[in-house]
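Hello,

Here is the structure for you to look at. My notes follow below it.

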Amino acid sequence: MNRKNRLALNLMALCMATVGWSGVHAADVIISAERLLDVKTGRMIDKPEILVRDGKVVSIGRAGGAGAGAAGGAGSVAAGGEAPTRIDLPGMTLLPGLIDMHVHLDSDPTYGGYSNLEYNDRFWSALAVVHAGKTLDAGFTTVRNLGSADWNDVGLGQAIDAGKVRGPRIIPAAWSFGPTGSHCDSTYFPPSMDQKGPYNADGPDEVRKSVRSLRKYGAQVIKVCATGGVFSRNTEPGQQQMNLAELRAAVEEAHQWGLQVAAHAHGAAGIKDAIRAGVNTIEHASLIDDEGIALAKKHGAWLSMDIYNGSYTALEGKKNGVLEDNLRKDREVTELQRQNFKRAHAAGVKMVFGTDAGVHPHGGNGKQFAVMVQYGMTPLQAIQSATINAAEALARKDVGIIEPGRYADLVAVEGDPTSNIRLLEAPAVVIQNGTIVKRTTP
């Protein structure tokens with residue numbers, strides 16, 4: 001070993017000794033930055049150094065801090081003959097990789113109304129790959145895909161897990177479903193075309209069968225449509241479309257298989273029955289009333305309220321081909337949903353970050369943070385909704401927090417996101433499983 005390499009090795013050993021790590025391996029990764037946001041407490045940790053092994057966090061120390069076990073750490077590095085890989089991010093703030101609880105990776109908002117009929121079914125499968133990369137670059141290292149045609153999200157998730165394409169960790173719902181004629185059915189065509197949702201379910205027994213079939217082929221969460229919606233035809237957001245017995249059947253069956261249930265529910269009555277049935281997350285929750293807020297608090301249901309995308313639809317929807325009836329519903333719902341978000345948050349209802357990306361362009365997920373702050377959250381609370389809260393709602397202990405045992409998924413921004421939440425609209429660095437997947441700074 002020449003003098004230059006020996007000096008570098010000794011410096012690394014000294015760093016390990018100072019931080020207090022032991023048993024460091026040559027294949028390990030050490031990530032350092034100016035500060036790290038502890039999303040549990042809201043405190044900033046100065047000069048963090050994170051040891052990563054096999055894609056997961058092993059330990060967190062501070063550069064220059066005193067620690068035990070120094071001899072073991074230094075000895076392991078020396079014996080291995082080479083130092084671990086370092087990722088140094090001077091001046092930057094580290095946060096956990098972000099989680100979007102409601103996306104549609106095989107949807108593209110620039111094709112509205114009937115314009116998507118120009119393309120083959122597999123066109124959307126190809127676009128999903130591109131959208132996954134944009135989502136990852138936006139700092140979202142885990143997403144829940146709540147509704148996808150043709151098992152696109154299941155297959156895409158498998159390709160990402162196999163290392164074949166870039167993208168976030170995906171929790172797929174595959175096909176979302178509801179009763180005949182509901183928001184989750186195919187509602188844009190005349191009877192002569194016989195178009196229908198493949199997992200339509202009328203009555204509790206059919207609901208149970210749909211849950212079982214979806215799980216069989218790869219769904220990891222069940223998405224049901226309890227009410228009408230904005231982007232379907234012949235439904236209104238406030239209409240309840242699944243009754244309490246059907247919602248209970250979905251929850252009982254899914255929970256028996258160890259799966260959670262997300263309910264598309266804009267209308268107050270559908271929201272309340274979904275909560276009574278034991279649904280885990282209420283999607284949209286646009287028209288939630290005081291009783292619904294009280295029920296959500298009592299039962300511990302999470303609200304996932306996509307309060308950014310109405311701004312995009314108002315500006316671009318008509319140009320994209322969205323039909324006037326859908327634009328009308330979006331206008332009627334958008335501000336009501338935002339005010340109800342503010343009320344629910346002030347009342348202490350549990351909230352997670354969900355954008356409905358696919359209704360707005362993928363990669364713009366982070367634009368919702370500023371709207372959440374505008375409507376009552378602190379920047380820290382908005383960040384927590386996309387990290388620790390989302391991980392808790394998913395019942396996962398491997399994402400959402402930077403701590404030993406969890407995936408080394410991180411984002412880095414140049415500044416303090418608890419002072420300027422808009423920094424999260426375009427993170428400078430994204431790290432997935434301890435590897436840089438995006439870096440826009442030296």
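Contact here means heavy atoms within 4.5 Å. Please keep in mind that this is a predicted model.

Helix 6 first. The buried residues of helix 6 are Glu 246, Leu 247, Ala 249, Ala 250, Val 251, Glu 253 and Ala 254. They pack against helix 5 (204-216), strand 9 (221-225), strand 10 (260-265) and helix 7 (268-277). Helix 6 runs over residues 244-256, and its 13 residues should span 18 Å at 1.5 Å a residue. The end C-alpha atoms are 18 Å apart, which agrees.

Next, a helix pair. Helix 3 (residues 121-137) packs on helix 4 (residues 152-161) at about 45°, and the axes are 10 Å apart. The two helices are therefore oblique to each other. The crossing is right-handed. From helix 3, the residues in contact are Arg 122, Trp 124, Ser 125, Ala 128, Val 129 and Ala 132. Helix 4 brings Asn 152, Leu 156 and Ile 160. By class, that contact has 6 nonpolar, 2 polar and 1 charged residues.

Which residues other than glycine have a positive phi? Ala 174 has a phi near 60°, and His 284 has one near 85°. Ala 174 sits in the loop between strand 8 (169-172) and helix 5. Its relative accessibility is 0%, so Ala 174 counts as buried. His 284 belongs to strand 11 (residues 281-284). His 284 is buried as well, at a relative accessible area of 4%.

Best wishes

Conventions:
Residues are numbered from 1 along each chain as its sequence is written. This is a predicted model: local features need pLDDT of at least 70, side-chain atom pairs count only at pLDDT 80 or more; totals for chains, interfaces and linings use all residues. Side-chain values use heavy atoms; hydrogens and water are left out. Axes are lines fitted to C-alpha atoms, for helices over the stretch in contact, and angles run from 0 to 180 degrees between N-to-C directions. Helices (H or I, at least four residues) and strands (E, at least two) are DSSP runs, numbered from the N terminus. Angles under 35 degrees count as roughly parallel, over 145 as roughly antiparallel, 65 to 115 as roughly perpendicular and the rest as oblique. A crossing is left-handed if the near helix is turned anticlockwise from the far one by less than a right angle, and right-handed if clockwise. Ala, Val, Leu, Ile, Met, Phe, Trp, Tyr, Cys and Pro count as nonpolar, Asp, Glu, Lys and Arg as charged, and the others, Gly among them, as polar. The expected span of a helix is 1.5 Å times one less than its number of residues. Buried means under 20% relative accessible area, exposed over 50%, partly exposed in between (1.4 Å probe, protein chains only).
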